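Student: I'd like to learn how to read a protein model, step by step. Could we go through one together?

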Amino acid sequence: MTEHSRLNRTIATARLLIAVMVVLIAVGSRGAIPIRPPVAVALAAAVLSVGWVLWARAGRRLALLIGVQFAVDVALIALLARYTGGLTSPFRLLYLVPVISAAARLGSRAGNTIAVLAVLTYLALIPAGPAP
């Protein structure tokens with residue numbers, strides 16, 4: 001198994017664990033956090049993780065795959081934040097996870113790119129207003 005394959009599997013596993021944690025937090029909030037958005041994001045993360053693992057098994061363009069995964073994670077976090085309180089979402093700190101992971105695994109350039117994406121998606125929550 002190559003280094004990129006191990007990294008991809010680790011990222012997919014971490015994504016699934018975080019998704020389960022998010023759903024458990026929403027369930028434990030006793031209605032303070034709407035349950036549908038976290039469940040939808042968790043299901044999307046699970047489906048994407050399976051897709052990432054299958055892509056990695058094909059063995060093509062694994063470095064690109066890892067970068068795309070971090071970008072998609074930021075998009076999923078943005079959706080989760082949007083529908084669970086916007087700028088005040090209890091899940092807004094999750095933006096740090098793909099930024100730190102990208103920087104640690106892919107270097108500062110990738111970390112900076114994901115950080116810029118995270119900031120832009122967070123700022124996009126401003127005009128959206130409070131969660132529907």
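This is a predicted model: local features need pLDDT of at least 70, side-chain atom pairs count only at pLDDT 80 or more; totals for chains, interfaces and linings use all residues.

Student: Is Gln69 buried or exposed?

Tutor: Here we look at relative accessible area, and buried means under 20%. Gln69 has a value of 0%, so it is buried. Across the protein, 36% of the 132 residues count as buried.

Student: Which side chain does the side chain of Gln69 join in a polar contact?

Tutor: For that, look at pairs of N or O atoms within 3.5 Å. The side chain of Gln69 has a polar contact of 2.9 Å with the side chain of Arg15.

Student: Now the whole fold, please. How many helices and strands does the protein have?

Tutor: Count the elements, then read their order. There are six helices and zero strands, giving the pattern α-α-α-α-α-α along the sequence.

Student: How compact is the protein?

Tutor: Compare its radius of gyration with the globule rule. The radius is 15 Å, close to the 14 Å that the rule gives for 132 residues, so the protein is as compact as a globular protein of that length. Its C-alpha atoms fill a box of roughly 45 × 25 × 20 Å along the principal axes.

Student: And what share of contacts join residues at least 24 apart?

Tutor: Among contacts between residues at least 6 apart in sequence, that share is 67%.

Definitions and conventions:
Residues are numbered from 1 along each chain as its sequence is written. Side-chain values use heavy atoms; hydrogens and water are left out. Buried means under 20% relative accessible area, exposed over 50%, partly exposed in between (1.4 Å probe, protein chains only). A polar contact is a pair of N or O atoms within 3.5 Å; within protein, one must be able to donate a hydrogen and the other to accept it, and residues adjacent in sequence count only if both atoms are side-chain atoms. Helices (H or I, at least four residues) and strands (E, at least two) are DSSP runs, numbered from the N terminus. The radius of gyration is taken over C-alpha atoms; the globule rule is 2.2 Å times the number of residues to the power 0.38. Contact means heavy atoms within 4.5 Å.
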